[in-house]
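Please examine the sequence and the structure before reading on.

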There are 2 protein chains.
Amino acid sequence: MEIVTCKAPVNIAAIKYWGKRDETLILPLNDSISVTINTNFMRAKTTIAASPHFKNDRIWLNGREEDFTNPRLMACVNESKYRQHSNIKSMQGNAIIIEKAANWKIHIASENNFPTAAGLASSAAGYACLVYALSRLMGIDGDLSSIARKGSGSACRSMHGGFVMWKMGKEKDGSDSVAEQIAPSSHWKEMRMLILIVNGCKKTIGSSAGMERSVKTSDFLKNFQLDQRVSALRKAILNKDFVTFAEITMKDSNRLHSICLDTYPPIQYLNDTSHYIIQLVHFLNDHFGKPKVAYSYDAGPNACLFLLEENVSLVLSLVNHYLPPLLAETNTVESSYFKGYKVEGGLERSPPPPDVLKAIPLTPLAPGALKGIIYVDVGDGPQILGKEEHLLDDNGLPITS
Amino acid sequence: MEIVTCKAPVNIAAIKYWGKRDETLILPLNDSISVTINTNFMRAKTTIAASPHFKNDRIWLNGREEDFTNPRLMACVNESKYRQHSNIKSMQGNAIIIEKAANWKIHIASENNFPTAAGLASSAAGYACLVYALSRLMGIDGDLSSIARKGSGSACRSMHGGFVMWKMGKEKDGSDSVAEQIAPSSHWKEMRMLILIVNGCKKTIGSSAGMERSVKTSDFLKNFQLDQRVSALRKAILNKDFVTFAEITMKDSNRLHSICLDTYPPIQYLNDTSHYIIQLVHFLNDHFGKPKVAYSYDAGPNACLFLLEENVSLVLSLVNHYLPPLLAETNTVESSYFKGYKVEGGLERSPPPPDVLKAIPLTPLAPGALKGIIYVDVGDGPQILGKEEHLLDDNGLPITS
C-alpha cells in the first residue's frame with residue numbers, strides 16, 4: 001500500500017471569482033487574486049492510500065463516507081491519472097511500477113479544521129489538498145492548479161502560498177487558466193486577517209448554482225470590466241500599498257454581492273450583521289482618513305478583515321466592543337471563541353480608544369452576533385505531512401480519533 | 001386672506017429613479033414608471049394661506065414649524081411665482097389683483113398620515129401637494145410636474161393618478177423632464193398593493209445623498225441601459241399583463257439595491273426581513289409557475305407588494321403566517337396593525353392553503369418583524385379639499401387638533 005498525507009490552505013479572494021465561461025472545465029469569466037491563509041489554524045488535511053488489494057475507490061469527508069461518483073472528484077482523479085500516464089511515457093526506471101500503481105484503487109480521507117460550506121472556502125482547501133496528495137502519490141510534475149480548478153474553481157489558487165492570481169486564460173481547452181504566485185508569504189509579512197464568523201442561517205444557494213444563475217441573469221456581471229482593477233491590485237501587492245489594496249478589496253467584495261442582488265431571483269449572502277461590519281469598517285477608516293482595515297465577503301455572511309499587524313489590537317478591540325461575544329464564551333481561558341494567534345497581553349478584551357469610539361456612530365449589537373474570531377496571517381501552499389498525521393490506517397480505513 | 005387645502009398621493013415606482021444628471025434642476029438619469037396610491041389611506045395634506053397681513057413666509061410640517069429657507073421648498077415657491085407671473089401677462093380682467101397677491105407672504109401647513117422618511121415616498125406626496133396647492137392658490141395652468149420635480153424628483157409622478165411615467169427628457173433646462181399619465185386608475189381596477197412596514201433602524205443615508213454617491217462611484221449605474229425595460233413595462237401596463245409587470249418590477253427593485261451595494265462606501269436599505277420577504281415572494285411565485293405577487297423596495301426596508309385583487313387573501317394569509325404580528329397588535333378589533341381596506345370576512349387571520357405552505361421552505365419569523373400592513377389600491381392625482389379640512393385657521397396659524 002502506498003500512502004501520503006498532505007495539508008492545503010484556504011484562500012480569500014481580494015478580487016472575486018464569480019461566473020464561469022465553461023461549466024465543465026470550470027473556466028472563469030475574469031482573473032481573480034487571493035491571499036493564502038496560513039495552515040497553522042485553517043487547513044484541509046487529506047490522506048490518500050492506493051493498494052492492489054482495495055476493491056473500490058472510496059472517500060470519507062470529515063469522517064463520513066461519501067459517494068465517489070461526485071463528478072468534480074472524478075474529474076480531479078481522472079485528470080491526475082491522465083497526467084501520470086503522460087509523465088510515465090517520458091520516464092526511465094520505475095515507470096512500470098508506477099504505471100501498475102495507476103490502476104490500483106484508492107481510499108481518500110479528508111477533513112477541515114474549520115466550518116464547511118459557510119463561505120470559508122472549504123471546498124477550495126479540500127480540492128487543493130486532494131490534488132496535491134494525488135500528485136505526490138502519483139509522481140505528477142508541472143502545473144497542478146489546472147487539475148485543482150476542475151474540483152472547485154478557487155481551489156487552483158490554494159495550490160500556491162502568499163499572494164496568488166488565477167488567470168482566466170483565453171484557450172478553449174482551459175490550458176492557460178492557471179493560478180500563479182504574485183508574491184510569496186514572506187513578501188508582505190505585516191499582512192494579517194481577522195475572520196469574523198457571523199451567526200446566521202446557512203446559505204440558501206451554493207456558490208456554483210449561484211454564479212450560474214448570475215451568469216444567466218445579471219446585466220451587471222455581463223458589463224463589468226475588471227482588467228484595470230486586477231492590474232491595480234497586483235501592483236498594490238507588489239508595492240505593499242495597503243491603502244490601495246484595501247480599497248480595491250472592499251470594492252470588489254461589494255461588486256460580488258451587488259451582482260448577487262442583480263441576479264434573478266436575487267441571491268443574498270450578507271445578513272444584517274455583515275452589513276453592520278461593513279459600516280463599522282467604513283466609519284473606522286473615515287476617522288483615520290485612510291483605510292486601516294478592509295472587509296471581504298464570499299458566498300456567506302462571514303467577514304474576512306484584512307489589516308496590518310500594527311492595527312490588529314485596535315480593530316480587535318472595536319470588534320469586541322461593537323460585536324461583543326456572549327459572556328460565557330470568553331469566561332474561560334481556553335475559549336473556543338478566539339482562535340488563531342494570540343494577541344499580546346490578552347488585548348482581545350481591552351477597551352478601544354475613546355476618540356475612535358466617539359467617531360463611530362453605531363450602537364453595539366447584542367452579544368452573540370459573532371460565533372467566533374480567527375486571527376491568522378499569510379501562509380504557504382500545500383505540504384506533505386509525516387505519517388503520524390495519516391487519516392487512514394494500515395488497512396486503508398479511517399482512523400477514528 | 002386666500003386659503004386652499006389639497007391632498008396628494010404617494011407613488012411607488014415600478015421602474016426606479018436613482019441618480020440625477022443635474023442636481024439643481026433635479027433631472028434624472030433615466031425614465032421611471034410609478035403607480036399612484038389611493039389617497040384614502042395614504043396621502044399628504046397641505047393648506048396654504050396667503051395674506052397681505054402676514055409678515056413672513058412660514059411653514060409647519062406635521063405640526064412643527066420648519067425653516068422656510070429650505071432650497072427645495074424655495075425652488076417650488078419661486079417657480080410657482082414665476083409661472084403665475086407668466087400667466088398674468090396673458091390674462092385679462094383680474095390680472096392686477098392676482099399680481100398683487102403674488103407678493104403676499106404665505107403660510108403653509110402640511111402633514112402626512114403615514115411615517116415620514118421611511119422609504120414610503122413621503123417627500124414625493126408632500127411636494128406634490130405643496131405644488132398643487134400653490135397652483136390652485138395662484139391660478140397656474142399647464143404642466144405642474146416640472147415644478148414638483150424641483151422639490152423632490154419623484155414628486156412629479158405624484159401629480160397624476162393611475163400609472164405614471166416620468167420622462168427623463170433631453171433638454172439642458174429640464175423643460176421636457178415631465179411626468180405623464182400612462183393610464184388612469186380606472187384602467188387596471190384589479191391592481192392592489194400591500195405595504196409591509198418592516199421593523200428596523202432608520203435609514204443611514206437619505207435617498208438624495210445616496211443617489212449622489214451612487215452616481216459618483218457605481219459602475220453598474222453608469223453602464224445600465226433601461227430603455228427596453230421602460231417600454232416593456234409601459235406595454236405591460238397598457239395590456240394589463242401582470243406577469244410581465246411583476247417580473248420587471250422585481251428586477252428593477254433589485255437593480256436599485258444592487259446599485260446601492262456597488263456604491264462606495266456601499267449603501268444598504270434592505271434588512272434581513274426585507275430579504276426574507278423577497279425569498280417568500282419567489283417561493284410563492286415558483287409554486288404557481290408564474291408571478292402572483294411582486295415586491296418593490298425604495299430607499300428603506302419596507303416592502304410594497306403588487307398583486308391582483310383575487311390574490312390578496314392568499315398573499316395576506318402567507319404574510320401573516322411567515323411574518324406574524326405580535327399577538328397584542330391583533331387582539332383588538334380596532335387594530336392599528338392592519339390599515340387600509342378591510343379584507344372580506346377578516347381573512348387577515350385565516351390560515352394559508354396547506355399545499356402552498358408545503359411548497360415554501362421557510363421558517364416563520366418571530367412575531368413582530370413587521371410593524372404593520374397597509375392594504376391599498378391605485379388612485380387619482382392631487383385634489384382640492386373642502387374648508388373643513390383646512391390645517392390653518394382664520395389667522396393663518398396651525399389648527400391644533
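## A buried arginine in chain B

The structure is a predicted model. In chain B, Arg229(B) lies in helix H7, which comprises residues 227-238. Its relative accessible area is 14%; since buried means under 20%, Arg229(B) is counted as buried.

Neighbours within four places in sequence are left aside in what follows.

## Two related copies

Chain B can be superposed on chain A with an RMSD of 0.0 Å, by a turn of 180° and a shift of 0.0 Å along the axis. The two copies are therefore related as by a two-fold rotation axis. In chain B, the C-alpha nearest this axis belongs to Ser258(B), at 2.2 Å from the axis.

The interface may be described in similar terms. Of the interface residues of chain B, 100% are also interface residues in chain A, so the copies meet through the same surface.

## An open sheet in chain A

In chain A, 4 strands form an open sheet with antiparallel pairing, in the order E2-E5-E10-E11. Strand E2 (11-15) and strand E11 (179-183) of chain A stand at the edges. Each has a single partner strand, so one side of each is left without a neighbour in the sheet. From one strand to the next, the twist averages 35°. In general, strands of a sheet pair through backbone hydrogen bonds, in either a parallel or an antiparallel manner.

E2(A) and strand E5 (residues 32-36) of chain A run antiparallel and are joined by 4 bridges. Within this pair, Ile12(A) stands opposite Val35(A) of E5(A). Helix H8 (residues 242-262) of chain A packs on the sheet, where it touches E2 and E5 of chain A. The direction of this helix makes about 95° with that of E2(A).

## One face of a helix in chain B

Which residues of helix H5 (residues 207-217) of chain B are buried? They are Gly210(B), Met211(B) and Ser214(B). Viewed down the axis of H5(B), the buried residues fall within an arc of 90°, so they line one face of the helix. As a general rule, an α-helix has 3.6 residues a turn, so residues three or four places apart point the same way.

Definitions and conventions
Residues are numbered from 1 along each chain as its sequence is written. Chains are lettered from A and ligands numbered from 1 in the order in which they are written. This is a predicted model: local features need pLDDT of at least 70, side-chain atom pairs count only at pLDDT 80 or more; totals for chains, interfaces and linings use all residues. Side-chain values use heavy atoms; hydrogens and water are left out. Copies are superposed by least squares on the C-alpha atoms of residues with pLDDT of at least 70 in both. Contact means heavy atoms within 4.5 Å. Helices (H or I, at least four residues) and strands (E, at least two) are DSSP runs, numbered from the N terminus. Buried means under 20% relative accessible area, exposed over 50%, partly exposed in between (1.4 Å probe, protein chains only). Two strands pair if DSSP finds at least two bridges between them. Axes are lines fitted to C-alpha atoms, for helices over the stretch in contact, and angles run from 0 to 180 degrees between N-to-C directions. The arc is that of the directions from the helix axis to the C-beta atoms.
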